[in-house]
Amino acid sequence: MGLAKDLAPERADFLRRLANGTCSHGFIVEGPKGSGKRDFALWCASALLCESADKPCGLCRSCRKVLGGHHPDVHLYGEGEKAITVSEVRDLIRETGWIPTDGEKNVFILSNAQKMQASAQNALLKVFEEPPAGVVIFLLTDSRRGLLPTVRSRGQTVRLSPMEPEELKAKLKLMFPRVSPAELSAAVQFSGGSPGEAEAFLKRDAVMRREAAKEWFSLALEGDKYRLIGLLTASKHKRDTLLPLLDAFLLLLWDLLLEKSGGKPVLLSEEELERYGARATKRALAAMCDATVDARESLESNGNVTAVMTRLATGLWSAANERA
């Protein structure tokens, strides 16, 4: 158990409980999106199923299976965006009666538990409160408020803490060795200590969306209305790719508004702040935000893509070039 002192508090506490026999059969793992809830639950599953004395070793056959995603005694539910249904809960209840195939425990990990309807949560309640021997259940949730009080009261809550900035930066440097120190710092600041959010910030598609957002903004400021319309209405743009692009553009606008309000921007370098900041007033930025939010809502309501993006381009150009 000497390893526990070098672990995050949540993991160290789990190992202590496992060692002294007070480990719960039901956990509610709470943390914002990207905070590592699934990784934590899988790490706990490794500890529960590990074949070594020093758990989890990460090297034994069982640990490798868990981390590889193919251990027969680790059951994952709610992996996508859809909520776990009553029917799936009934399947889960049947599986809790199975004898473990390859270990001494059956571990059930339910992602997005806060999305479950009340009927599904009620169906889960009894097995979450009194599961068969050897069953451990992890409910992963962005917020406990999305769970029924009866469910909340039956599990041990684990709240995942944000990583310290320097620890997160060191982790990101290993994962993204070619990324500049400035980008690493921006990812850490943007994420608020969430490893998942920081990783998403540095992925290639996110970087490309931010570059596209800057191009939109530059064209609006330069007063090139028709180039802006052409860029925003290009045939390559589809509804499902435009929505994250609009989100990236909103983040850029909010970053500039933050800077103009005396805050510390995240997405823009000093050079970019000097380039953009002097040419866009708070009034213009606010109007551009409004136009972008309207466009996003229209696309989500199945508005015509070309018409919506043409209207957005015109609105952005008008806001950026309005003279007081």
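pLDDT is the predictor's confidence in each residue, from 0 to 100. This is a predicted model, in which local features need pLDDT of at least 70 and side-chain atom pairs count only at pLDDT 80 or more, while totals for chains, interfaces and linings use all residues. Residues are numbered from 1 along each chain as its sequence is written, and side-chain values use heavy atoms, with hydrogens and water left out.

**Figure 1. Confidence along the chain.** The mean pLDDT of the chain is 87, and 97% of the residues score at least 70. Helices (H or I, at least four residues) and strands (E, at least two) are DSSP runs, numbered from the N terminus. Over residues 1-6 pLDDT stays under 50.

Figure 2. Five strands are arranged in the order 2-3-4-1-5, with parallel pairing; two strands pair if DSSP finds at least two bridges between them. Strand 2 (74-77) and strand 5 (156-159) are the edge strands, each pairing on one side only. From one strand to the next the twist averages 20°. Strand 1 and strand 4 are joined by five bridges in the parallel sense, and Ile-28 stands opposite Leu-139 in strand 4. Helix 2 (residues 37-49) lies across strands 1, 2, 3, 4 and 5, at about 170° to strand 4. Helix 5 (residues 118-129) lies across strand 1, strand 3 and strand 4, at about 135° to strand 4. Axes are lines fitted to C-alpha atoms, for helices over the stretch in contact (heavy atoms within 4.5 Å), and angles run from 0 to 180 degrees between N-to-C directions.

Figure 3. Thr-141 belongs to strand 4 (residues 135-141). Its relative accessibility is 0%, so Thr-141 counts as buried (buried means under 20% relative accessible area, exposed over 50%, partly exposed in between; 1.4 Å probe, protein chains only). The side chain of Thr-141 reaches the backbone oxygen of Ser-143 at 2.7 Å. Not counting residues up to four places away in sequence, Thr-141 touches several residues, including Ile-28, Lys-37 and Leu-147.

**Figure 4. Cysteines without disulfides.** The whole structure has zero disulfides (a disulfide is a pair of cysteine sulfur atoms within 2.5 Å). Cys-57 is in none, and the nearest cysteine sulfur, that of Cys-50, is 3.6 Å away. The sulfur of Cys-63 is 3.6 Å from that of Cys-60, the closest cysteine sulfur, and this is too far for a bond. Cys-57 is partly exposed, at 28% relative accessible area, whereas Cys-63 is buried, at 1%.

Key. Polar contact = N/O pair within 3.5 Å; in protein donor to acceptor, adjacent residues only side chain to side chain.
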